[in-house]
Amino acid sequence: MTSRIPRDSRLRLVRPRPLAAAPRAMNQRRSRRPAPRPPEGTPAPAELARMARSGLAGAARVAHWADAALRPGRDSASPDGKGTLSDSTAELAAEDLGLTPAQVRADWDTARLAGLVEVHGDEARPGWRLRAWDRDDSAVLRGWVALFDAWSLAHPEPREHEPSAVAEVVSAMPQVLSFLQLSAGPVPVEQLLDLLGQRVTELRTERCEIPYGPQPEPVQRPPAADTPDTPLDTLLDWALHALASVGALTYGDAQATLTPLGSWAVWVKLEQICVAAQSPAGNIEQSAEDMLRGCSQLRPNAARAEYRAWLAARTVGTAVGQLIDAARGEDALLRGLAFEALRVVGAPAEPDVRAVVDEATLRPYALLWLAEHDGIDPEDAHEVLTRAEATWLWVDTAAAVADHGEAPLLVRHLESAIQPTVPMLLDEVRAVGHPRTVQVLVALAAAHPDPALAKAVRRAAFQVHTGGS
């Protein structure tokens with residue numbers, strides 16, 4: 001006669017592990033593109049970071065001063081109490097730091113462009129890079145690249161130049177910088193001017209559009225001899241001085257040379273273009289949701305390459321908005337993948353991620369993203385979640401596995417629960433009120449080989465379904 005004695009009612013789980021992203025475990029394909037290597041002779045990342053810290057020392061100093069002096073409630077804060085850099089605070093910083101107000105403002109502007117200080121309307125706050133400045137070389141290098149990208153803002157053009165001509169030169173400078181990077185040495189300005197002229201001509205040709213249908217006869221007008229084009233040589237001189245001001249190149253004696261930091265940054269940009277052009281899985285033109293769905297079967301490295309390709313083809317604001325919209329959908333797998341893609345975006349996504357912290361569906365993902373972004377080790381980031389938030393995320397991840405994974409993976413997902421026993425897990429799963437709780441528990445009961453555990457899980461699913469206890 002078969003024994004009716006129940007098995008161990010404690011139904012203990014194995015030792016808990018940090019919450020793992022189930023989508024990573026479901027990835028099957030391998031990345032085919034090896035990690036690119038910088039050109040020979042490029043300094044090591046630590047040395048590049050040392051150069052960046054040196055170049056941004058003044059900006060970091062002002063940012064640290066502002067972090068300490070411009071907080072609301074401080075006696076030294078600006079009149080509105082929001083940490084803005086008013087005339088009075090510029091003078092105060094100059095006195096404290098032994099600088100002139102003009103130097104303080106210049107360093108403040110640099111700190112903003114490098115992400116050491118973030119200004120939202122009338123409110124200023126220290127950027128995440130400032131927190132990681134002394135310990136995270138990658139944060140320092142990303143800050144310097146952000147300044148490099150904003151070179152035309154760091155050294156504004158003379159007002160007498162035509163805005164359209166300035167825009168053309170800014171658009172043409174990447175090709176000039178690529179030529180400097182390939183030359184790996186000093187290049188005469190005359191040669192750069194010739195290249196700039198060719199690129200500006202190409203840009204103007206690309207903008208030409210022939211309207212469709214019959215057109216009126218053109219009206220003959222005399223040439224406007226009094227409105228010549230802005231000379232490219234003066235604009236090139238401005239551009240080279242601007243790039244020199246951010247430390248990307250040296251400029252003098254009628255020649256320009258990329259600095260090691262500048263050469264490395266140009267190589268990084270060229271690699272991004274190559275990634276975008278290759279688009280490993282061909283999702284570059286898809287919507288965020290379709291792109292994420294296409295990445296669901298890729299291994300992590302291949303998926304990140306696809307994210308980079310997709311992001312490189314869009315403005316940051318547009319891409320981040322589309323990823324967050326995709327995360328708000330009903331598919332839990334896409335939610336997890338959307339935040340993986342946002343990790344590739346990095347610092348520019350921080351304000352948008354912070355803005356969704358109060359949305360229940362996205363809160364655990366956003367908190368983990370922000371924790372990792374602030375320098376917390378990914379293995380320890382789960383500690384920022386409350387027990388309820390961690391349980392909600394466990395259910396959401398289980399829903400992704402149930403929808404897209406295999407039964408053994410769902411069973412193994414039990415190992416990531418923070419509760420030491422199945423009864424405790426089931427009690428807390430019922431309490432968090434995830435909309436997919438019943439489906440997750442039913443799928444887990446059907447997949448688990450232990451009859452006693454399966455029975456307990458089915459009972460919990462029934463209780464959630466009927467509203468019982």
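Colleague: Quick one to start: which residue in S5 is the bridge partner of Val 187?

Modeller: That would be Ala 256. Keep in mind that we're looking at a predicted model.

Colleague: Noted. And what stands opposite Pro 188 in S5?

Modeller: Gln 255 does. S3 and strand S5 (residues 255–258) are joined by two bridges and run antiparallel.

Colleague: How many strands are in that open sheet, and in what order?

Modeller: There are three, in the order S3-S5-S4, with antiparallel pairing. Strand S3 (187–188) and strand S4 (249–252) are at the edges with a single partner strand each, so one side of each has no neighbour in the sheet.

Colleague: Over how many bridges do S4 and S5 pair?

Modeller: Four, in the antiparallel sense.

Colleague: Which strands does helix H9 lie across?

Modeller: Helix H9 (residues 163–183) lies across S3, S4 and S5, and runs at about 75 degrees to S5. Helix H11 (residues 232–245) also packs on the sheet, where it touches S4 and S5. The direction of H11 makes about 135 degrees with that of S4.

Colleague: Changing topic to helix against helix. At roughly what angle do H13 and H16 cross?

Modeller: Helix H13 (residues 288–295) and helix H16 (residues 332–345) cross at roughly 95 degrees, and their axes come within 10 Å. That angle makes H13 roughly perpendicular to H16.

Colleague: Which residues meet there?

Modeller: From H13 you have Glu 289, Leu 292 and Arg 293. They meet Leu 334, Leu 337, Ala 338 and Ala 341 in H16. By type, the contact has five nonpolar residues, two charged and no polar ones.

Colleague: Last topic, H3. What should its 13 residues span?

Modeller: At 1.5 Å a residue, helix H3 (residues 57–69) should span 18 Å. Its end C-alpha atoms are 18 Å apart, which agrees.

Colleague: Nice. Which residues of H3 are buried?

Modeller: Ala 59, Ala 60, Val 62, Ala 63, Trp 65, Ala 66, Asp 67 and Ala 69.

Colleague: Why do residues three or four places apart in an α-helix point the same way?

Modeller: Because an α-helix has 3.6 residues a turn.

Conventions:
Residues are numbered from 1 along each chain as its sequence is written. This is a predicted model: local features need pLDDT of at least 70, side-chain atom pairs count only at pLDDT 80 or more; totals for chains, interfaces and linings use all residues. Side-chain values use heavy atoms; hydrogens and water are left out. Axes are lines fitted to C-alpha atoms, for helices over the stretch in contact, and angles run from 0 to 180 degrees between N-to-C directions. Angles under 35 degrees count as roughly parallel, over 145 as roughly antiparallel, 65 to 115 as roughly perpendicular and the rest as oblique. Contact means heavy atoms within 4.5 Å. Ala, Val, Leu, Ile, Met, Phe, Trp, Tyr, Cys and Pro count as nonpolar, Asp, Glu, Lys and Arg as charged, and the others, Gly among them, as polar. The expected span of a helix is 1.5 Å times one less than its number of residues. Buried means under 20% relative accessible area, exposed over 50%, partly exposed in between (1.4 Å probe, protein chains only). Two strands pair if DSSP finds at least two bridges between them.
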